[in-house]
Amino acid sequence: MSSYNELVTKRILNVLGMNSTSINLSDEQKSRLAIGHLLGRELPLLNFSNPMVPGGGLYSSASDMLKFISANIGLIKTKLDNAMQESHLIRHSTAMLIPNNIRVSGNNTNPEFYVGLGWFITTNLGNEIIWHNGAPGGGYNAFMAFSPTTDRGIVVLCSTDVSNVDISTLGLNQKGKLSSLIWNLLSQ
(Lines give C-alpha, C1' and ligand atoms only; values in the text may rest on other atoms or scores of the structure.)
Protein backbone atom coordinates (compact mmCIF):
# COMPACT_ATOMS: atom_id res chain seq x y z
CA MET A 1 0.00 0.00 0.00
CA SER A 2 1.33 3.42 -0.93
CA SER A 3 1.13 6.43 1.33
CA TYR A 4 -1.40 9.16 0.65
CA ASN A 5 1.44 11.42 -0.50
CA GLU A 6 2.70 8.80 -2.99
CA LEU A 7 -0.81 8.17 -4.36
CA VAL A 8 -1.60 11.87 -4.85
CA THR A 9 1.79 12.50 -6.44
CA LYS A 10 1.67 9.51 -8.79
CA ARG A 11 -2.00 9.53 -9.78
CA ILE A 12 -2.78 13.25 -9.88
CA LEU A 13 0.15 15.66 -9.56
CA ASN A 14 2.50 13.87 -11.99
CA VAL A 15 -0.30 13.30 -14.51
CA LEU A 16 -1.19 17.01 -14.49
CA GLY A 17 2.42 18.21 -14.42
CA MET A 18 1.86 19.92 -11.08
CA ASN A 19 5.53 19.95 -10.09
CA SER A 20 5.21 22.73 -7.49
CA THR A 21 2.49 21.01 -5.48
CA SER A 22 3.29 18.71 -2.57
CA ILE A 23 2.55 17.76 0.99
CA ASN A 24 6.14 17.88 2.18
CA LEU A 25 7.92 21.02 1.01
CA SER A 26 11.52 20.91 -0.12
CA ASP A 27 13.89 23.66 1.05
CA GLU A 28 13.57 25.25 -2.41
CA GLN A 29 9.76 25.21 -2.21
CA LYS A 30 9.87 26.67 1.31
CA SER A 31 12.00 29.54 0.01
CA ARG A 32 9.22 30.42 -2.50
CA LEU A 33 6.32 29.99 -0.07
CA ALA A 34 4.34 33.11 0.80
CA ILE A 35 4.26 33.56 4.56
CA GLY A 36 0.84 33.09 6.12
CA HIS A 37 -0.65 35.88 8.24
CA LEU A 38 -3.20 36.35 10.98
CA LEU A 39 -4.18 39.84 12.15
CA GLY A 40 -1.18 41.28 10.30
CA ARG A 41 1.31 38.95 12.00
CA GLU A 42 3.39 36.28 10.28
CA LEU A 43 2.59 32.69 11.22
CA PRO A 44 4.99 29.76 11.34
CA LEU A 45 4.64 27.03 8.72
CA LEU A 46 2.09 24.42 9.79
CA ASN A 47 3.03 20.77 9.71
CA PHE A 48 -0.17 18.80 9.21
CA SER A 49 -0.35 15.42 10.94
CA ASN A 50 -1.00 12.46 8.64
CA PRO A 51 -4.76 12.21 9.34
CA MET A 52 -5.20 15.93 8.57
CA VAL A 53 -3.24 16.03 5.29
CA PRO A 54 -6.19 15.13 2.99
CA GLY A 55 -8.17 18.02 4.48
CA GLY A 56 -5.79 20.80 3.50
CA GLY A 57 -2.22 19.58 3.63
CA LEU A 58 -1.26 20.27 0.02
CA TYR A 59 0.87 23.30 -0.78
CA SER A 60 0.68 24.60 -4.32
CA SER A 61 1.62 27.47 -6.61
CA ALA A 62 -0.67 29.68 -8.66
CA SER A 63 0.80 28.12 -11.80
CA ASP A 64 -0.04 24.59 -10.65
CA MET A 65 -3.55 25.61 -9.60
CA LEU A 66 -4.10 27.01 -13.09
CA LYS A 67 -3.02 23.63 -14.50
CA PHE A 68 -5.61 21.98 -12.24
CA ILE A 69 -8.36 24.37 -13.38
CA SER A 70 -7.32 23.94 -17.03
CA ALA A 71 -7.55 20.16 -16.69
CA ASN A 72 -10.99 20.44 -15.09
CA ILE A 73 -12.19 22.69 -17.91
CA GLY A 74 -10.79 20.19 -20.43
CA LEU A 75 -8.09 22.43 -21.89
CA ILE A 76 -5.41 19.93 -20.84
CA LYS A 77 -6.17 16.36 -21.87
CA THR A 78 -5.05 13.58 -19.49
CA LYS A 79 -6.16 10.18 -18.32
CA LEU A 80 -7.99 12.01 -15.49
CA ASP A 81 -10.52 13.65 -17.87
CA ASN A 82 -13.41 11.26 -17.17
CA ALA A 83 -12.95 11.38 -13.39
CA MET A 84 -12.77 15.17 -13.45
CA GLN A 85 -15.92 15.49 -15.54
CA GLU A 86 -17.75 13.08 -13.21
CA SER A 87 -16.79 15.25 -10.22
CA HIS A 88 -18.64 18.23 -11.77
CA LEU A 89 -21.99 16.44 -11.86
CA ILE A 90 -24.60 17.78 -9.44
CA ARG A 91 -25.14 15.39 -6.54
CA HIS A 92 -27.59 17.32 -4.35
CA SER A 93 -29.03 20.76 -3.64
CA THR A 94 -28.25 22.96 -0.66
CA ALA A 95 -31.31 25.22 -0.92
CA MET A 96 -29.36 28.08 -2.52
CA LEU A 97 -27.22 28.98 0.51
CA ILE A 98 -23.46 28.73 0.40
CA PRO A 99 -21.09 28.70 3.38
CA ASN A 100 -21.55 31.72 5.66
CA ASN A 101 -25.22 31.87 4.59
CA ILE A 102 -24.51 34.09 1.59
CA ARG A 103 -27.29 33.87 -0.96
CA VAL A 104 -25.78 33.38 -4.40
CA SER A 105 -27.27 35.75 -6.94
CA GLY A 106 -24.64 36.41 -9.60
CA ASN A 107 -25.53 38.14 -12.84
CA ASN A 108 -28.01 35.40 -13.63
CA THR A 109 -31.57 35.26 -12.40
CA ASN A 110 -32.47 32.74 -9.73
CA PRO A 111 -29.32 30.63 -9.66
CA GLU A 112 -29.24 27.63 -7.39
CA PHE A 113 -26.42 26.13 -5.38
CA TYR A 114 -25.52 22.45 -5.60
CA VAL A 115 -22.75 20.08 -4.55
CA GLY A 116 -20.73 17.79 -6.81
CA LEU A 117 -17.82 15.55 -5.78
CA GLY A 118 -15.42 18.01 -4.16
CA TRP A 119 -16.94 20.97 -6.02
CA PHE A 120 -19.73 23.45 -5.41
CA ILE A 121 -21.89 24.30 -8.42
CA THR A 122 -23.83 27.52 -8.83
CA THR A 123 -26.22 27.38 -11.77
CA ASN A 124 -29.34 28.86 -13.29
CA LEU A 125 -29.63 25.56 -15.21
CA GLY A 126 -28.14 27.22 -18.28
CA ASN A 127 -24.85 28.57 -17.03
CA GLU A 128 -22.75 26.87 -14.36
CA ILE A 129 -19.94 28.18 -12.22
CA ILE A 130 -18.04 25.33 -10.60
CA TRP A 131 -15.95 26.36 -7.62
CA HIS A 132 -14.22 25.41 -4.41
CA ASN A 133 -12.65 27.28 -1.54
CA GLY A 134 -10.10 26.40 1.07
CA ALA A 135 -8.97 27.76 4.40
CA PRO A 136 -6.69 25.12 5.88
CA GLY A 137 -5.32 27.39 8.59
CA GLY A 138 -1.81 28.62 8.93
CA GLY A 139 -2.72 32.04 7.58
CA TYR A 140 -3.93 31.09 4.10
CA ASN A 141 -7.17 30.84 2.16
CA ALA A 142 -8.05 30.38 -1.49
CA PHE A 143 -10.84 30.39 -4.05
CA MET A 144 -10.97 28.78 -7.49
CA ALA A 145 -13.79 28.75 -9.99
CA PHE A 146 -14.42 27.96 -13.63
CA SER A 147 -17.16 27.95 -16.20
CA PRO A 148 -17.40 24.88 -18.44
CA THR A 149 -19.47 26.98 -20.85
CA THR A 150 -16.96 29.78 -21.42
CA ASP A 151 -13.81 27.69 -20.73
CA ARG A 152 -12.62 30.36 -18.29
CA GLY A 153 -11.28 29.92 -14.79
CA ILE A 154 -9.78 31.89 -11.93
CA VAL A 155 -7.59 31.12 -8.95
CA VAL A 156 -7.22 33.57 -6.05
CA LEU A 157 -4.67 32.77 -3.34
CA CYS A 158 -4.40 34.79 -0.11
CA SER A 159 -1.61 34.68 2.43
CA THR A 160 -3.89 35.74 5.24
CA ASP A 161 -6.29 33.85 7.45
CA VAL A 162 -9.93 33.59 6.45
CA SER A 163 -10.88 35.58 9.56
CA ASN A 164 -8.99 38.57 8.09
CA VAL A 165 -9.96 38.25 4.42
CA ASP A 166 -12.37 35.52 3.35
CA ILE A 167 -11.66 35.42 -0.38
CA SER A 168 -14.49 32.99 -1.15
CA THR A 169 -17.05 35.30 0.50
CA LEU A 170 -15.61 38.24 -1.44
CA GLY A 171 -15.72 36.16 -4.62
CA LEU A 172 -19.31 35.02 -4.18
CA ASN A 173 -20.98 37.98 -2.48
CA GLN A 174 -22.50 39.67 -5.50
CA LYS A 175 -22.45 43.18 -4.04
CA GLY A 176 -18.69 43.67 -4.23
CA LYS A 177 -16.40 44.83 -7.03
CA LEU A 178 -14.22 41.70 -6.85
CA SER A 179 -17.27 39.47 -7.06
CA SER A 180 -18.63 41.36 -10.07
CA LEU A 181 -15.24 41.06 -11.77
CA ILE A 182 -15.09 37.30 -11.13
CA TRP A 183 -18.67 36.63 -12.26
CA ASN A 184 -18.25 38.73 -15.38
CA LEU A 185 -14.95 37.02 -16.23
CA LEU A 186 -16.41 33.56 -15.88
CA SER A 187 -19.84 34.21 -17.41
CA GLN A 188 -19.09 36.21 -20.55
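**View 1. Antiparallel pairing of strands β5 and β6.** Strand β5 (residues 120-123) and strand β6 (residues 128-134) are joined in the antiparallel sense over 4 bridges; strands are DSSP runs of E with at least two residues, helices DSSP runs of H or I with at least four residues, numbered from the N terminus, and two strands pair if DSSP finds at least two bridges between them. T122 has I129 of β6 as its bridge partner. The model is predicted, with pLDDT of at least 70 needed for local features and 80 or more for side-chain atom pairs, whereas totals for chains, interfaces and linings use all residues. Residues are numbered from 1 along each chain as its sequence is written, and side-chain values use heavy atoms, with hydrogens and water left out.

**View 2. The hairpin of β6 and β7.** Strand β7 (residues 141-147) pairs with β6 in the antiparallel sense over 5 bridges. G134 stands opposite A142 in β7. Between the two strands of this hairpin lie 6 residues, and in the turn G137 has a positive phi of about 95 degrees.

**View 3. Course of helix α1.** The 13 residues of α1 (residues 4-16) reach 17 Å from first C-alpha to last, close to the expected 18 Å, a span defined as 1.5 Å times one less than the number of residues. At K10, α1 bends by about 35 degrees, the angle between axes fitted to the seven residues ending there and the seven starting there. G17, with a positive phi near 70 degrees, follows α1.

**View 4. Buried residues of α1.** V8, L13 and L16 are the buried residues of α1 (under 20% relative accessible area, 1.4 Å probe, protein chains only). These residues pack against α3 (62-73) and α4 (81-87), contact meaning heavy atoms within 4.5 Å.

Conventions
Buried means under 20% relative accessible area, exposed over 50%, partly exposed in between (1.4 Å probe, protein chains only).
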